[in-house]
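Please look over the sequence and the model shown here.

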Amino acid sequence: MKRKILRALVGMLLLTTALMLGFVRPALLSRRALAKPAFMDRYNRDFYAKAQWKDKCTLCHIGKGGEQRNDFGDAFEDAGFRITPKLRAKFPNLFEHPKSIQDGRK
């Protein structure tokens, strides 16, 4: 009788372990996304944002992986994740010049 109970407990323990590994292991192996879509939206909604950079991870990150930030990504963080006039002036290749938009020229 004790052997049957012990076998049942061992079986339940093995089954529980297998199920836990089935759920936990994939979670541990998956890559964590570091980019925040809300931050990308801030650039996308900016009136002066250049169209060719909208929805591009490489706006703030080096490569397509989205892990290491480039100079703009670091400056964006330093600005409190806000698009500021100072940030636009520092990275003119990422923003349209305000005067050219107001005049209707590019």
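The points below are grouped by topic.

This is a predicted model, in which local features need pLDDT of at least 70 and side-chain atom pairs count only at pLDDT 80 or more, while totals for chains, interfaces and linings use all residues. Residues are numbered from 1 along each chain as its sequence is written, and side-chain values use heavy atoms, with hydrogens and water left out. Helices (H or I, at least four residues) and strands (E, at least two) are DSSP runs, numbered from the N terminus.

**Helix 3**

- Helix 3 spans residues 71–78, and its buried residues are Phe-72, Gly-73, Ala-75 and Phe-76. Buried stands for under 20% relative accessible area, exposed for over 50%, and partly exposed for values in between (1.4 Å probe, protein chains only).
- Viewed down the axis of helix 3, these buried residues fall within an arc of 165°, so they line one face of the helix. The arc is taken over the directions from the helix axis to the C-beta atoms.
- An α-helix has 3.6 residues a turn, so residues three or four places apart point the same way.
- Asp-71 and Asp-78 are exposed on the other side of helix 3.
- The buried residues of helix 3 pack against helix 2 (37–45) and helix 4 (85–90), where contact means heavy atoms within 4.5 Å.
- At the start of helix 3, a side-chain oxygen of Asn-70 comes to within 3.1 Å of the backbone nitrogen of Phe-72. A polar contact is a pair of N or O atoms within 3.5 Å; within protein, one must be able to donate a hydrogen and the other to accept it, and residues adjacent in sequence count only if both atoms are side-chain atoms.
- Gly-80 follows helix 3 and has a positive phi, near 75°.

**Salt bridges**

- How many salt bridges are there? The count comes to two, with a salt bridge defined as a side-chain nitrogen of Lys or Arg within 4 Å of a carboxyl oxygen of Asp or Glu.
- Asp-46 lies in the loop between helix 2 and helix 3 and Arg-88 in helix 4, so the pair ties together parts that are 42 residues apart in sequence.
- Asp-46 is buried at 10% relative accessibility, and Arg-88 is buried with a relative accessible area of 18%.
- Not counting residues up to four places away in sequence, Arg-88 touches Asp-46, Tyr-48, Ile-83 and Phe-95.
- The side chains of Arg-69 and Glu-77 also meet in a salt bridge (2.7 Å, N to O). Arg-69 is partly exposed at 31% relative accessibility, and Glu-77 is partly exposed at 35%.

**Cysteines**

- The count of disulfides, each a pair of cysteine sulfur atoms within 2.5 Å, comes to zero.
- For the sulfur of Cys-57, the closest cysteine sulfur is in Cys-60 at 9.0 Å, too far for a bond.
- Cys-57 is partly exposed, with a relative accessible area of 36%, whereas Cys-60 is buried at 16%.

**Thr-84**

- Thr-84 lies in the loop between helix 3 and helix 4, and its side chain reaches the backbone nitrogen of Leu-87 at 3.1 Å.
- The C-alpha atoms of Thr-84 and Asp-46 are separated by 9.8 Å, with the two residues 38 residues apart along the chain.
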